[in-house]
Amino acid sequence: MQRVHDLQTRPWRGLCLAAALCLTGAPVAAPVITPAAAQQASPGFSQDQIAHDRGAVVLMYHRFGEDALPSTSVRLEQFDGHLTELASGRYRVMPLAEIAARLRAGEALPDHAVAITIDDAALSVYTEAWPRLKAAGLPFTLFVSTEPLDLELGGYMSWAQLREMAADPLVTVGNHGHSHAHMAWQDDTAQRDELEQAAGRLRAELGKAPELFAYPYGEMSLALRQNVIEGSFLAAFGQHSGAAGALSDRFALPRFPLNEAYGDMDRFRLVANTLPLPVDGITPADPSIAEAVQNPPNFGFTVAAPLGNLDALNCFASAGAPQTMRLDQRIELRFAAPLPAGRVRINCTLPAEDGRWRWFGTQLVVAKTAAP
């Protein structure tokens with residue numbers, strides 16, 4: 001039962017609230033090392049298109065009004081406030097599949113595009129979130145790990161309740177693996193089995209297999225990403241902060257987690273109005289740090305369009321307090337010591353127009369070092 005226990009007890013940590021407000025990791029000034037030629041736009045997009053990409057914000061929830069689990073739950077009054085803000089007329093709340101399809105096609109998204117997602121199929125989704133979302137007429141995606149429903153665990157929906165929700169045209173069901181395992185460290189066979197078991201159970205109970213996937217714990221590796229691609233998914237989502245844009249990896253799209261500690265209205269408005277920070281050339285290519293020789297990693301990326309003065313860019317990490325260096329459009333983070341085992345989030349923010357922020361985030365997942 002440990003795998004299911006993790007669903008309830010794994011805390012989410014580490015969101016950068018703004019360039020000057022970050023939970024962990026001290027900002028370090030980004031010195032320009034030496035000038036270099038301006039970065040050219042990535043293939044298929046002009047620099048002007050990239051610079052004016054409005055992208056989309058994807059919100060992530062787990063539980064609603066479950067005060068005993070504040071790290072994964074929002075208070076009901078917080079959620080009510082979020083829905084009121086989303087219905088204010090400023091935002092375009094869209095089905096997640098439509099956003100993913102537009103990103104896939106290279107089509108522009110409307111300004112203030114937002115999608116709502118919920119992970120894990122907790123009972124409070126059925127009793128508290130769904131009635132509120134239905135009353136507001138807002139579409140959302142529910143990512144389901146199927147094992148808790150098969151085991152009829154307390155605190156989770158039943159298959160009958162999920163079928164009832166899936167019949168609502170506002171609801172899209174996504175794949176979240178079968179057992180909510182730490183899939184990045186599974187072998188190839190186990191990863192495929194997790195994806196296929198969940199797809200099979202959802203197809204059997206709901207009549208079709210989902211086209212969208214969310215990585216449990218947001219933990220990803222290149223091998224897992226490839227298995228997701230080969231599973232014929234339209235897109236896949238992590239648990240790292242940031243806005244999704246034209247240059248975002250469609251199989252590692254960001255979502256802003258929301259819980260009691262990070263669900264106040266000021267923060268909600270901040271993240272809901274975020275713009276993409278367009279980057280490419282991300283290193284290391286594999287976010288799973290498996291070997292001692294990889295740790296600490298040399299993390300870096302290139303800002304892929306002229307966005308003004310990059311001296312205002314700030315990067316933070318949830319561990320390690322890296323030094324940030326800039327070579328024209330290239331940003332490099334250097335850690336002085338190996339990163340601790342577990343999840344390490346990196347967030348980089350840049351002020352944008354109208355008090356908004358451009359935001360790029362990622363999550364590294366670091367293996368435990370074997371005892372000598």
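1. First, the ground rules. This is a predicted model, in which local features need pLDDT of at least 70, side-chain atom pairs count only at pLDDT 80 or more, and totals for chains, interfaces and linings use all residues. Residues are numbered from 1 along each chain as its sequence is written, and side-chain values use heavy atoms, with hydrogens and water left out.

2. Helices (DSSP runs of H or I, at least four residues) and strands (DSSP runs of E, at least two) are numbered from the N terminus.

3. Please look at the bond from T283 to P284, which is cis with omega near -5°. P284 sits in the loop that links β14 (279–283) and β15 (288–289).

4. A cis bond also joins N295 to P296, here with omega near 10°. P296 belongs to the loop between β15 and β16 (298–303).

5. H112 is not a glycine, yet its phi is positive, at about 60°. You will find H112 in the loop between α4 (96–105) and β7 (113–119). H112 is buried, with a relative accessible area of 11%; buried means under 20% relative accessible area, with a 1.4 Å probe and protein chains only.

6. A121 is another residue other than glycine with a positive phi, near 60°. Its place is the loop between β7 and α5 (123–136). A121 counts as buried, at 0% relative accessibility.

Definitions and conventions: Buried < 20%, exposed > 50% of the residue type's maximum accessible area, 1.4 Å probe, protein only.
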